[in-house]
Amino acid sequence: MTELVREVSENDQLRADIYQLLAALLRSQPSAELLQFLSNLEVASDDDSDMTKAWLALKLAAGQFTSEQLEEEYFNIFLGVGCGEILPYGSWFMTGSLMDKPLALLRQDLMQLGFERSDEVKEPEDHVAALCEVMGTLILEAPGYRQLAFYQRHIGSWIIRFCEHLGRAPSAAFYATVAELAKAFFVIEANEFEQLSLDIPVNCPGSEAEKIEPTTSELAS
């Protein structure tokens with residue numbers, strides 16, 4: 001799906017990495033290797049920002065749980081017997097229903113952007129982990145206006161509410177710290193996108209009908 005050869009800034013690489021980390025944590029319980037990685041993070045303790053506090057909380061929690069323990073926590077929160085404690089789908093948060101119009105629009109946009117669903121994946125494409133994976137890729141490979149359009153259309157209107165629901169889930173212990181990190185990150189992301197002085201195409205991102213060419217600022221983004 002790469003359209004332009006882009007020089008990825010250190011900030012964009014960090015954003016993409018966080019999206020991929022959130023995707024891994026929200027797709028399934030973390031592996032032993034991921035927990036070890038998180039418990040060994042170097043976090044600046046002299047910074048009192050919400051993001052730093054969230055990293056410190058996640059680091060501490062990662063050292064207190066095993067992957068086997070978190071399997072049950074993840075199951076209770078996201079899967080459950082019949083239904084989990086929260087529903088991690090964009091359509092649900094946008095409309096109160098599953099498999100609704102937002103999912104159809106998302107599938108159309110993903111197809112136009114060149115994303116293909118793996119045969120092994122059973123979850124709908126609007127699962128929060130899948131959306132984080134897409135955003136991580138777009139930040140590294142797509143011009144700024146496509147990132148902005150996708151985020152505003154499929155994530156920005158509901159992601160903070162999702163984080164708040166996750167943090168309040170009855171079974172959330174480790175995942176309460178994941179929710180804290182995600183909320184702090186998405187607050188920063190909202191500010192990041194607000195700073196983009198880019199023209200958003202009228203058509204959905206990746207549309208063949210879209211004829212608007214990137215501006216000089218977009219080529220540099």
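**A residue and its setting**

Analyst: I139 lies in helix 7, which covers residues 128-141; helices here are DSSP runs of H or I with at least four residues, strands are runs of E with at least two, and both are numbered from the N terminus. This is a predicted model, in which local features need pLDDT of at least 70 and side-chain atom pairs count only at pLDDT 80 or more, while totals for chains, interfaces and linings use all residues. Residues are numbered from 1 along each chain as its sequence is written, and side-chain values use heavy atoms, with hydrogens and water left out.

User: Is I139 buried or exposed?

Analyst: I139 is buried, because its relative accessible area is 0%, where buried means under 20%, exposed over 50% and partly exposed in between, with a 1.4 Å probe and protein chains only.

User: How far is the C-alpha atom of I139 from that of Y19?

Analyst: Those two C-alpha atoms are separated by 9.5 Å, although I139 and Y19 are 120 residues apart along the chain.

User: What about S91, which residues does it touch?

Analyst: Leaving aside residues up to four places away in sequence, S91 touches G96, S97, M99, D100, P102, L103 and D126, a contact being heavy atoms within 4.5 Å. S91 is found in helix 5, residues 90-95, and counts as buried because its relative accessibility is 0%.

User: Switching to the surface, which residues make the nonpolar patch?

Analyst: F75, L79 and V81 make a nonpolar surface patch of about 300 Å². Patches take residues with over 30% relative accessible area and no salt bridge, joining like charges within 9 Å and nonpolar side chains (Val, Leu, Ile, Met, Phe, Trp, Tyr) within 5 Å; a salt bridge is a side-chain nitrogen of Lys or Arg within 4 Å of a carboxyl oxygen of Asp or Glu. F75 belongs to helix 4, residues 67-79, and counts as partly exposed because its relative accessibility is 35%.

User: And which residues gather in the patch of negative charge?

Analyst: That patch on the surface brings together D46, D47, D48, D50 and E180. D46 sits in the loop between helix 2 (32-39) and helix 3 (50-62), and it counts as exposed because its relative accessibility is 74%.

User: Last one, how many helices and strands are in the chain?

Analyst: The chain has eleven helices and zero strands, and 43% of its 221 residues count as buried. Among contacts with a separation of 6 or more, 73% come from residues 24 or more positions apart.

Technical notes. Areas by Shrake-Rupley, 256 points an atom, 1.4 Å probe, with all protein chains shown as cover. Lys, Arg positive; Asp, Glu negative; His and termini not counted. Charge placed at Lys NZ, Arg CZ, Asp CG, Glu CD.
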